[in-house]
Amino acid sequence: YGHSKDYRPDLKQIMIGMVTDGNGLPLYSTILDGNTADCVWNYETITELSEFLGDRVLNSVYVADSKLVTMRNLEAIASLDTKLQFISRSPASFHSKITQKIRNEAYEKGEWNDIGAHRDTPTKNSALAEYEAMSFRREINGSDYRFIVYRSDAKEHLVDRKKETDKESLDSAFAKRFSGKKKTFACEKDAKNDILKFKAEHKKNLSVISCTLTERVEYKKPR
């Protein structure tokens with residue numbers, strides 16, 4: 001018993017774990033407790049599937065979501081007598097955040113390979129997104145794994161639009177903060193502190209904030 005999306009807390013929950021072939025036809029199915037974690041189900045399924053398919057495992061690719069990629073599951077795959085290939089998404093927190101490190105390396109290198117669109121014909125309301133990819137290999141616990149980083153131009157127009165709106169809001173905030181007498185400070189330290197505070201308040205803005213200080217010396221007649 002527990003939380004139910006169907007608002008039936010009076011009933012026990014169950015889940016069905018299923019493996020299908022490329023055409024969607026079921027190959028293997030199990031009935032699970034309603035609180036079974038996906039990573040646990042993957043762990044139990046890997047061995048069962050290997051025994052069930054036998055030599056056919058060599059010509060099979062196990063496709064699953066990111067819940068497959070845990071150290072326990074990878075060790076289970078590596079321990080199989082027959083090699084099992086898999087495709088999944090690498091979680092952000094996996095193996096000392098290796099995903100983010102590889103992604104950063106890809107953007108630093110910039111050696112992208114154009115792989116085109118994911119289908120031939122565009123939809124009625126949008127153009128086809130073009131994709132690029134970069135491949136990396138990493139060794140984890142003695143086993144070699146391939147990581148592929150993808151990027152597309154699907155969101156470029158949204159980023160450009162966000163840049164424009166961010167710049168407009170930044171200009172407005174800057175004018176409001178430093179207009180008129182507010183532009184003048186008694187000393188350089190006060191000015192720098194206020195600029196740093198302004199940058200911190202707008203650190204999520206896509207624009208790069210750059211400010212210039214100009215010193216003005218005023219001589220006053222003594223009494």
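## Salt bridges

A salt bridge is a side-chain nitrogen of Lys or Arg within 4 Å of a carboxyl oxygen of Asp or Glu. By that criterion, a search of the whole structure finds 11 salt bridges. The structure is a predicted model, in which local features need pLDDT of at least 70, side-chain atom pairs count only at pLDDT 80 or more, and totals for chains, interfaces and linings use all residues. Residues are numbered from 1 along each chain as its sequence is written, and side-chain values use heavy atoms, with hydrogens and water left out.

Helices (H or I, at least four residues) and strands (E, at least two) are DSSP runs, numbered from the N terminus. Lys162 and Asp166 both belong to helix 4 (residues 156-178), where they are 4 residues apart, about one turn of the helix. Their side chains form a salt bridge with an N to O distance of 2.9 Å. For accessibility, buried means under 20% relative accessible area, exposed over 50%, and partly exposed in between (1.4 Å probe, protein chains only). Lys162 is partly exposed at 40% relative accessibility, whereas Asp166 is buried at 9%.

Arg177 and Asp194 form another salt bridge, with the closest N and O atoms 3.4 Å apart. Arg177 lies in helix 4 and Asp194 in helix 5 (residues 188-201), so this pair ties together parts that are 17 residues apart in sequence. Arg177 is partly exposed, at 21% relative accessible area, and Asp194 counts as buried at 18%. Within helix 5, Glu188 and Lys192 are 4 residues apart, or about one helical turn. The closest N and O atoms of their salt bridge are 3.0 Å apart. Lys192 is partly exposed, with 42% relative accessibility.

## The network at Lys109

Salt bridges that share partners join Glu105, Lys109 and Arg138 into one network. Lys109 lies in helix 3 (residues 98-109) and is partly exposed at 45% relative accessibility.

Contact is defined as heavy atoms within 4.5 Å. Apart from neighbours within four places in sequence, Lys109 is in contact with Met134 and Phe136. Lys109 and Met134 are 25 residues apart in sequence, with a C-alpha to C-alpha distance of 9.6 Å.

## Packing of helices 1 and 2

Two packed helices are described by the angle between their axes and the distance between the axes. Axes are lines fitted to C-alpha atoms, for helices over the stretch in contact, and angles run from 0 to 180 degrees between N-to-C directions. Helix 1 (residues 38-53) packs against helix 2 (residues 71-78) at an angle of about 5°, the axes being 10 Å apart. That makes the two helices roughly parallel (angles under 35 degrees count as roughly parallel, over 145 as roughly antiparallel, 65 to 115 as roughly perpendicular and the rest as oblique).

On the helix 1 side, Cys39, Asn42, Tyr43 and Ile46 take part; they meet Arg72, Asn73, Ala76 and Ile77 of helix 2.

Ile14, Ile16, Met18 and Ile31 make a nonpolar surface patch of about 460 Å². Patches are made of residues with over 30% relative accessible area and no salt bridge; like charges are joined within 9 Å, and nonpolar side chains (Val, Leu, Ile, Met, Phe, Trp, Tyr) within 5 Å. Accessible areas come from the Shrake-Rupley method with a 1.4 Å probe; for residues, only the protein chains shown count as cover. Strand 1 (residues 14-20) supplies the largest share of the patch, 3 residues. Ile16, found in strand 1, is exposed at 59% relative accessible area.

Asn35 sits in the loop between strand 2 (26-33) and helix 1 and is exposed, with a relative accessible area of 68%. Asn35 and Ile14 are 21 residues apart in sequence, and their C-alpha atoms are 7.9 Å apart in space.
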